[in-house]
Amino acid sequence: MSKNWWKALSVVLLLYVAVAGLLMPVPRLAILNESIRNLYFHVPMWFGMTFILIASVYYSVRYLRTPTPELDILAHESARTGILMGVVGLATGSIWAKYTWGAWWTNDPKLNGAAIAMLIYGAYLVLRSSFTDEQQRARISAIYNIFAFATAMPLFYILPRLTDSLHPGAGGNPAFAKYDLDSDMRMVFYPAVIGWTLLAFWLAQLASRVSLLKQKVYEKQLA
Amino acid sequence: MQKDFRLEWRQRAALNGMLLYVGSTVFVCYLSFSLRGGQLPAPAWNALFWIVLLFSAVNAVAKGFLQESRGRMLYYYTVVRPQAVILAKIGYNALLLLGLALVAFGLYAVVLGNPVQNVPLFVGNVVLGAVGFASTLTLVSGIAAKATNSSTLMAVLGFPLMVPMLLLLIKVSKNALDGLEFDASQSSLLTLVALNMIVGAVSYLLFPFLWRS
């Protein structure tokens, strides 16, 4: 239990977010109306994605220092979880955009940046699948992972802030000042960020365990 | 380092091919647009120019590692440090792309008209673009050369990585086309320089690991 407390915390926080996020009072804003509740689901996805991708880069750096298959699997599964979070973030954002801006997709720097960053990480998966030698695959995808992180992060956090955009957090204005003035929302939003981030790490851990076990089974069959 | 640079320079057989590639691409653009008659609108001019540059950059840089024979790689490995190799490759590719870009710009201006109002800004932007493309694509081509289906991989890995740079470049060159003051594009230019430095530093750090295999 002492090692797994954060998983329980994640479950509790997410249950709280699901209940409180849908039932607690929210400020009445024009256009946004009740859809503002999506803040608890859409925004934490990106937080979770960023943290899990940082973890992935950390494992890749460690892999390059001391190559072990475990670190490679951890980096790979973390990146995959990050991609999953990113795709869900794009999907929730798209639904939100439909009901507030009137279109599933708008030509907006933040949206396009996020989509391209997903393409960059999609290329990571393609790269992994095009090697047959395991060690070479691990080393080269670790290199690409670090490189991809360095080019993808400006797409999320630097470029959209330079241009005008419909999306909050662009055109020089910080993302949260407008909505988080309401302290009721903060009570749900911060737990949501922590909960979804912990869930991402949990997912990555589970996926890594599964692929480690698969590898062990495979090695046993060979022996 | 300088010697390595010269080695690169010596195998410039691809250069003429690349020049021809750029020339014919520009000419095809010219022919297909001249059917409509009249001047190309500035945004289309701009977009087309960068697309031509993008494709010729990918083709030019891909040759860098893919055509390298295994024996020569081994020879480099024993003679010089990996950092020197990547710096030389980036430098060579940057110069190559710069030459290509200027030739393309010249040809392009001749056949499709030259709506650029602020030429120094435009050329400075092209220089930054060449350096940025070179530092991104050199490492990517190094990665792609290790894989089995390298030419597809080169495009798949390279294009998304270059998009942030390309967006900024297109924005700045649009400003140059419209003849805006330097102040209007200063922040974008600074971001571009910063992006170039990030990408260059990351390739410098990562290349030794790639080299070892």
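**Helix packing and the chain contact**

Analyst: H2(A) and H5(A) are oblique to each other, a class left for angles that are not under 35 degrees (roughly parallel), over 145 (roughly antiparallel) or 65 to 115 (roughly perpendicular). This is a predicted model, in which local features need pLDDT of at least 70 and side-chain atom pairs pLDDT 80 or more, while totals for chains, interfaces and linings use all residues. Residues are numbered from 1 along each chain as its sequence is written, and chains are lettered from A and ligands numbered from 1 in the order written.

User: At what angle do H2(A) and H5(A) pack, and how far apart are their axes?

Analyst: Helix H2 (residues 39–65) of chain A packs against H5(A) at about 135 degrees, with the axes 9 Å apart. Axes are lines fitted to C-alpha atoms over the stretch in contact, and angles run from 0 to 180 degrees between N-to-C directions.

User: Which residues make the contact of H2(A) with H5(A)?

Analyst: Contact means C-beta atoms, placed from the backbone, within 7 Å. H2(A) contributes Leu53(A), Ser56(A), Val57(A), Ser60(A), Val61(A), Tyr63(A) and Leu64(A); from H5(A) come Ala138(A), Ala142(A), Asn145(A), Ile146(A) and Phe149(A). By class, these residues are nine nonpolar, three polar and no charged. Nonpolar covers Ala, Val, Leu, Ile, Met, Phe, Trp, Tyr, Cys and Pro; charged covers Asp, Glu, Lys and Arg; the others, Gly among them, are polar.

User: What does chain A place against chain B?

Analyst: Chain A gives 23 residues to the contact and chain B gives 25. On the chain A side, helices H4 (109–129), H5 (134–157) and H6 (159–162) each supply at least two residues, and H5(A) gives the most, with 11. That side has 19 nonpolar, three polar and one charged residues. From chain B, Leu157(B) touches Ala123(A), Leu127(A) and Tyr144(A), among others.

User: Is Lys110(A) buried or exposed?

Analyst: A residue is buried with 20 or more other C-beta atoms (placed from the backbone) within 10 Å of its own, exposed with 12 or fewer, and partly exposed in between. Lys110(A), found in helix H4 of chain A, is buried because 23 other C-beta atoms lie within 10 Å. The C-alpha atoms of Lys110(A) and Ala152(A) are separated by 12 Å, and these residues are 42 apart along the chain.

User: How many helices and strands does chain A have?

Analyst: Chain A has seven helices and zero strands, taken from DSSP runs (H or I, at least four residues; E, at least two) and numbered from the N terminus. Of its 223 residues, 39% are buried. Among contacts in chain A between residues at least 6 apart in sequence, 74% join residues at least 24 apart.

Methods. Two residues are in contact if their C-beta atoms, placed from the backbone, lie within 7 Å. Lists of a residue's contacts leave out its neighbours within four places in sequence.
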